[in-house]
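Trainee: I would like to learn how to read a few features of a protein model. Could we go through them one at a time?

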Amino acid sequence: HSSLSSVMACPCSPSALSHDELLLCLSWLPSRSLLAAELCCSELRSLVLRRGLLPQVCLDPLAFPGACADLVRCLEKRAAASEGGKITELRTLGLRSMPTLSDTDLQRLLALCPSLTRLDISENEPNLTPKAIEALRLAETALPLEELVLPLMRQLTHFRVVGMLQRLPQLQVLEMPLHQALTSAVLVAPRLRALHIAGPVKEDFLRLLSTGGLPHLEDMGLLYCPGEVLVDVARCCPLHSVTVPLDPLCSFEDLAAVVEACGERLRYLRIPSRLQPLAPSH
């Protein structure tokens with residue numbers, strides 16, 4: 001409150017604010033508004049560029065008809081004008097379903113944004129390859145990513161997943177569709193709170209998951225998971241959001257056991273398909 005009071009009481013010149021005070025003000029602005037503010041005040045623009053301020057970049061393929069390479073070049077110019085040559089305050093990068101996004105574009109973006117905590121590159125199946133995963137693994141410094149949403153990749157192997165996750169020690173939310181069955185590779189990220197896998201999984205993964213391999217898991221969405229494993233996970237993890245798997249069909253008994261195990265923690269229960277019919281009583 002004292003910091004906010006000092007911001008309200010200080011002169012209008014942005015240079016009169018400390019770095020923390022400036023961030024407090026600008027944190028309320030989306031990137032679009034921040035860029036508009038720059039056009040109104042050369043002093044603000046100079047300060048924002050120098051300190052690498054730009055909280056998020058989230059593109060909509062319908063509203064952004066240009067090429068992602070043009071965006072990369074613009075951000076590289078902004079980074080060149082900053083004190084450290086990076087856009088150090090960019091935390092969120094949303095590039096869902098961008099047909100012009102390439103592996104090279106992503107590699108350049110990751111090099112510019114060392115403070116990313118959220119990255120969404122989903123629905124880019126035709127244009128991204130496993131080189132995108134390699135870009136995450138080979139980043140100059142380990143990214144502090146907490147949330148990662150990936151596209152479907154045909155050659156996403158166990159070793160690539162392990163290599164990537166080992167470089168993301170802060171990861172808490174992981175969403176990825178898969179062609180190949182997921183193994184226990186994901187368990188190298190024990191801090192995961194949310195896991196959504198739209199694809200097959202292997203027995204070793206299910207076995208470790210059902211014995212508490214991800215002890216902080218709160219949100220689980222596996223489209224392929226036996227009902228008894230789901231029950232085990234509900235009993236050993238603090239789940240509050242559950243997506244009922246599609247294959248095999250979950251029974252009413254298993255669903256009831258999941259709800260009972262979650263208890264008052266349960267906030268969201270998603271049932272994307274029908275349940276297995278009740279067995280006839282004798």
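**Reading backbone and core**

Mentor: Glu 123 lies in the loop between strand E3 (118-120) and helix H7 (131-137). Helices (H or I, at least four residues) and strands (E, at least two) are DSSP runs, numbered from the N terminus. This is a predicted model, in which local features need pLDDT of at least 70, side-chain atom pairs count only at pLDDT 80 or more, and totals for chains, interfaces and linings use all residues. Residues are numbered from 1 along each chain as its sequence is written, and side-chain values use heavy atoms, with hydrogens and water left out.

Trainee: Which residues does a cis peptide bond join?

Mentor: The cis bond joins Asp 247 and Pro 248, with omega about -5°. Pro 248 belongs to the loop between strand E8 (241-243) and helix H11 (252-262).

Trainee: How many disulfides does the structure hold?

Mentor: A disulfide is a covalent bond between the sulfur atoms of two cysteines. The test here is a pair of cysteine sulfur atoms within 2.5 Å. The structure holds zero disulfides. Cys 236 is in none, and the nearest cysteine sulfur, that of Cys 237, is 3.9 Å away. Cys 236 is partly exposed at 34% relative accessibility, while Cys 58 is exposed at 53%.

Trainee: Which residues have the most contacts inside the largest nonpolar core?

Mentor: In soluble globular proteins, nonpolar side chains tend to be buried together. A nonpolar core is a set of buried Ala, Val, Leu, Ile, Met, Phe, Trp, Tyr and Cys residues joined through side-chain atoms within 4.5 Å. The largest one has 78 residues, and Leu 148 and Leu 195 have the most contacts inside it. Leaving aside neighbours within four places in sequence, Leu 195 is in contact (heavy atoms within 4.5 Å) with residues including Leu 174, Val 186, Phe 205 and Met 220.

Technical notes. Buried < 20%, exposed > 50% of the residue type's maximum accessible area, 1.4 Å probe, protein only.
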